[in-house]
Amino acid sequence: MAGIGVRLNKIFSKNTITTNLFGYGYSMVITIAPMFLVIIAVLLMQTLLGFSKIGYAARELYSCTVLYIFIFSLLTASPFNAVLSKYLSDIIYNETYEDILPCYYVGLIMNVAFSCLLGIPFCAREYIVGGVDIFFVFAGYCGFIALVLVFYTMLYLSICKDYKKISVFFLIGMAVTVLLSLVLVYLFHLEVTYAMLVSLDVGFLLIGCLELALVKSYFRENSGKYREVLQYFKKHWQLVVTNFLYTSGLYVHNFVFWTTDMRMVVADSFVCMTTYDMATCIAVFTNITASVIFISRVEMHFHERYKGYSEAVIGGRGIDIENAKQRMFSQLAEELMNLVRIQFIISVVIFFLCIILLPQFGFGGMVMRIYPCLAAGYFILFIMYAAIIFQYYYNDMRGAVMTSLSFFAATLAGSFAATKLSSIWYGIGLVFGAAIGWAVAYYRLRVMEKNLDIHIFCAGNILKRGKGKKPANKVYERTAPRPEKARNENRKLKEKG
């Protein structure tokens, strides 16, 4: 995300309270504004259309449908986004922009096909077993595919550093969503949950089409190199594993509690635990600013040190390389510590505001008992993800896989254990998993610091690798006679002569 660093440097260089606040606001707008726009649109529709007055079963069916749309669209996109992002970065570095459209088409087909294969059986069960109206099922399925398109295309605009346009597209799409829902309910007298779901479908599809049009306007040439994209998945399979395990770990503790007796089953298809899921949502919002802080500080400080080290490796002296490496890792440690300090202060303030204010809006009882532990878990989790990003910087793919795998496995095991505890400790599985993942990530970064020279200068091969029959071990054979034997033969010849 090296595109917003210049803008942030200009804002923060004035070093005043106003510019600092504006800088963090700007970072928030270009990073997490789309999510807040969707939430605001959903809440507006519920308020304006009297969502609370409709039947309980209809409300829960709609809520579960929207919940599943968001969770599983992120999960189905996770195996592809990291590899495609790597491929796009290499294309931009090599300035072969005609290869971007083949990448887009191959990734889109793979992502949509994978999502469809997972979505169709679930929708069939929802209709056949759950008895849900076919129109509602189809609307939910369309919303799922449309959101897959939105998340997928956002990757390309993020690479192009068009964060502001992404936010504008979401603003347009969600505005259309709210207005369309009012039209469908008050003019066409469509049932509220149907109108809200169809309006979300149209809004997501509009956002995806706007994003696609912008991508097509940027990249008009097509090299037709589709096979190279597929080869990248084989070459960088560690990115697929890392991103999928990390994204799965975000939700695996929810999935564990969906298997307990406290779960709620809707239409014999949707499973959820409302109190735990709501506490999770609040905990994420408590710590979401960590991503803003991380992006801001890495863009302004660490990226320059990393660039300086790379330039020293290309043409610097040994002492220059060593000094650049020390400055780079010192900056890395400083950025992690600053992230922890700043985010801790923000999280504590938001935590106390939630504890005081949310019960007045109906979020109390079990939700507030589960929330503190989950808030602590997501605090550690976002710090762990910052360490994974640094592992990407150093191409430590093995370390990234180890981190995400340990995080996922520890969270899964800890969550099963937490189901046996009292409600205040339900989130301890996430805390345990994030702590284990952070420990592994920190250990790998320390190993990388000690062995960076080996990693950088000894990663190549003298001989080109290939498949075939192994050559013989004998590399040299003496054909000339030995010196002693030659002298003896010369002596015999002289004696005869």
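Is leucine 353 buried, partly exposed or exposed, and at what relative accessibility? Leucine 353 is partly exposed, at 46% relative accessibility; here buried means under 20% relative accessible area, exposed over 50%, and partly exposed in between (1.4 Å probe, protein chains only).

This is a predicted model, in which local features need pLDDT of at least 70, side-chain atom pairs count only at pLDDT 80 or more, and totals for chains, interfaces and linings use all residues. Residues are numbered from 1 along each chain as its sequence is written, and side-chain values use heavy atoms, leaving out hydrogens and water.

**View 1. A nonpolar patch on the surface includes leucine 353.** Leucine 353 sits in helix H12 (residues 318-357); helices are DSSP runs of H or I with at least four residues, numbered from the N terminus. The areas come from the Shrake-Rupley method with a 1.4 Å probe, and only the protein chains shown count as cover for residues.

**View 2. Lysine 325 and glutamate 322 meet in a salt bridge.** A salt bridge is a side-chain nitrogen of Lys or Arg within 4 Å of a carboxyl oxygen of Asp or Glu. In this pair, the N to O distance is 3.7 Å. The two residues are 3 apart in helix H12, so about one helical turn separates lysine 325 from glutamate 322. Lysine 325 is buried at 8% relative accessible area, whereas glutamate 322 is partly exposed at 31%.

**View 3. Lysine 86 forms a salt bridge with aspartate 90.** Their closest N and O atoms are 3.8 Å apart. Both residues belong to helix H3 (residues 56-94), 4 residues apart. Lysine 86 is partly exposed at 30% relative accessibility, and aspartate 90 is partly exposed at 21%. The structure holds 4 salt bridges.

**View 4. Cysteine 123 is in no disulfide.** A disulfide is a pair of cysteine sulfur atoms within 2.5 Å, and by this rule the count comes to 0 disulfides. The nearest cysteine sulfur to cysteine 123 belongs to cysteine 142, 9.0 Å away. Cysteine 123 is buried, at 14% relative accessibility, and cysteine 354 is buried at 12%.

Methods: Patches are made of residues with over 30% relative accessible area and no salt bridge: like charges are joined within 9 Å, nonpolar side chains (Val, Leu, Ile, Met, Phe, Trp, Tyr) within 5 Å.
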